[in-house]
Number of protein chains: 2
Amino acid sequence: MKRTAFFISDGTGLTAEALGNSLLAQFEKIEFERITAPYIDDADKASNMVARINKSAEQDGSRPLVFDTIVDSKIRDIIATAEGFMVDIFGTFLNPLEQELQSSSSYSVGKSHSINNAGRYEQRIHAVNFALDNDDGARTRHYNEADLILIGASRSGKTPSCLYLALQYGVKAANYPITEEDLDDQKLPDLLKPHKDKIFGLTIEPERLATIRNERRPNSRYSSLKQCMHEIEEIEAMYRRERIPYLNTTAYSVEEIATRIMVTTGLKRNR
Amino acid sequence: MKRTAFFISDGTGLTAEALGNSLLAQFEKIEFERITAPYIDDADKASNMVARINKSAEQDGSRPLVFDTIVDSKIRDIIATAEGFMVDIFGTFLNPLEQELQSSSSYSVGKSHSINNAGRYEQRIHAVNFALDNDDGARTRHYNEADLILIGASRSGKTPSCLYLALQYGVKAANYPITEEDLDDQKLPDLLKPHKDKIFGLTIEPERLATIRNERRPNSRYSSLKQCMHEIEEIEAMYRRERIPYLNTTAYSVEEIATRIMVTTGLKRNR
């Protein structure tokens, strides 16, 4: 059975999507067609949305689910006339919050993903640039400035995790690939030693690592299961020996890896 | 006046944060202390949270706001015993959705930011790698594979936007910096011509560009307002002449830039 879900916002729609998807994920038996409509910020666009929702209702033979985070109650009222099942975030929670806070809402649009605080936004962008400049062990001389140094085998997920930590949390994360030369003595490489308190290790199932590496360099020694098993075994031994906190990334998304690192290290977010 | 807000989740907490922040952004007069508590997934952790919330209530002299996206109703019931003002997402919407969908929730935890669909998740990670490999005009030979090519002056926001497009939407975005040599004739550089349908331009206020460039190379010709004004004027003239869609990024966050590009280009997200 197929149902259509609309995520409607007067801003980016990212909040409506996140909320809607977290609710829809609970209904695994139903197939959803998802439609995101950002920047629905005037009466005309709202009326067009109503027509789109009603058309979906007709085509599907069932009313679409409508998750909306529109702040302006006039625009929300137009959306509410559609043939949809409404999950209306601001309509549901804003009034009770106004009462609790004894303060009236500013009804200002698109605040959650805009540049509310220029200094904090710049910290996020600085953190992205820092991650790019300090990717793949490129410039260890910047490690004093890092909030975090991710280490692990090549292709264990360090770079996307650093970028997500930067974009989401404004954390300056460098990364350093542990290579075979580093693995001779199961010790932390010398140039990482002064920064030991900032180091977090990633590991991954050797089978998964071999699959990922094979996409980059098919049928190489680098991609062989034997080589991956060897590297991971040595790296995990080093983590344990040096008491480095680490995470197995095999089953985790970058969002989960980043959040778990934040929780484990107790790092403060800069946003 | 200060109030404390908790974002509590049995997963990453990203949805609870996004929703909570979008509601709190409406109350500009109140200062909020924000505390995110991810992975609250058993009764013990929930009881500890209750103690933390109650302690905040006592210290603040007012009850904290509690935004929770906990799926398991047993854990939610524990949280609900705290001295907080509850904004309970699943408690509010899950039951009505079950009725509408004539289907019961799977009550499974942490679905919205986990790897639900391995193929789509890999597309996001591929897109991140693509953005890194094709940053700063590095390898124009991969442009056939790109979904999008962002162009613009150096430091106009291309790289963070490409990375966000990759992480959030799974879109393969390359970027090409327009340099002075490209600006002689107000035409699109030759090597971009075959890909004209994939090109999107960024521009930025010269004053803002000069500020950003000064952080990288203080007091250089590159960072001078005169130089920035010249480049932006020529680049915008080229965009208009070549009819390239473009966006002024000055006031926008990467989230807004990426979403507006998705809307303008009609690109399909790969997630």
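A disulfide is defined here as a pair of cysteine sulfur atoms within 2.5 Å of each other. The model shown is predicted, so local features need pLDDT of at least 70 and side-chain atom pairs count only at pLDDT 80 or more, while totals for chains, interfaces and linings use all residues. Residues are numbered from 1 along each chain as its sequence is written, chains are lettered from A and ligands numbered from 1 in the order in which they are written, and side-chain values use heavy atoms, with hydrogens and water left out.

View 1. A:Cys162 takes part in no disulfide, and the nearest cysteine sulfur, that of B:Cys162, lies 19 Å away. For B:Cys162, the closest cysteine sulfur is in A:Cys162, and 19 Å is too far for a bond. A:Cys162 is buried, with a relative accessible area of 1%; buried means under 20% relative accessible area, exposed over 50% and partly exposed in between, with a 1.4 Å probe and protein chains only. B:Cys162 is buried as well, at a relative accessible area of 1%.

View 2. A rotation of 180 degrees, with 0.0 Å of shift along its axis, superposes chain B on chain A with an RMSD of 0.0 Å (least squares on the C-alpha atoms of residues with pLDDT of at least 70 in both copies). That is the relation of a two-fold axis. The same surface serves both copies, as 100% of the contact residues of chain B recur in chain A; contact means heavy atoms within 4.5 Å. Chain B gives 78 residues to the contact and chain A gives 78 residues. The area buried between the two chains is about 6,900 Å², of which carbon and sulfur atoms give 63% (accessible area, 1.4 Å probe, that two parts lose on being put together, summed over both). B:Gln26, B:Phe27 and B:Leu101 supply 10% of the area that chain B buries against chain A, more than any other three residues.

View 3. Helices (H or I, at least four residues) and strands (E, at least two) are DSSP runs numbered from the N terminus.

**View 4. Strand β7 of chain A and its partners.** In strand β7 (residues 199-203) of chain A, 5 of its 5 residues are buried. A:Ile199, A:Gly201 and A:Thr203 lie on one side, and A:Phe200 and A:Leu202 on the other. Strand β5 (residues 148-152) of chain A runs parallel to β7(A) and is joined to it by 3 bridges, and A:Ile149 has A:Ile199 as its bridge partner. β7(A) also pairs in the parallel sense with strand β8 (residues 246-248) over 3 bridges; there, A:Tyr246 is the bridge partner of A:Gly201.

Key. Two strands pair if DSSP finds at least two bridges between them.
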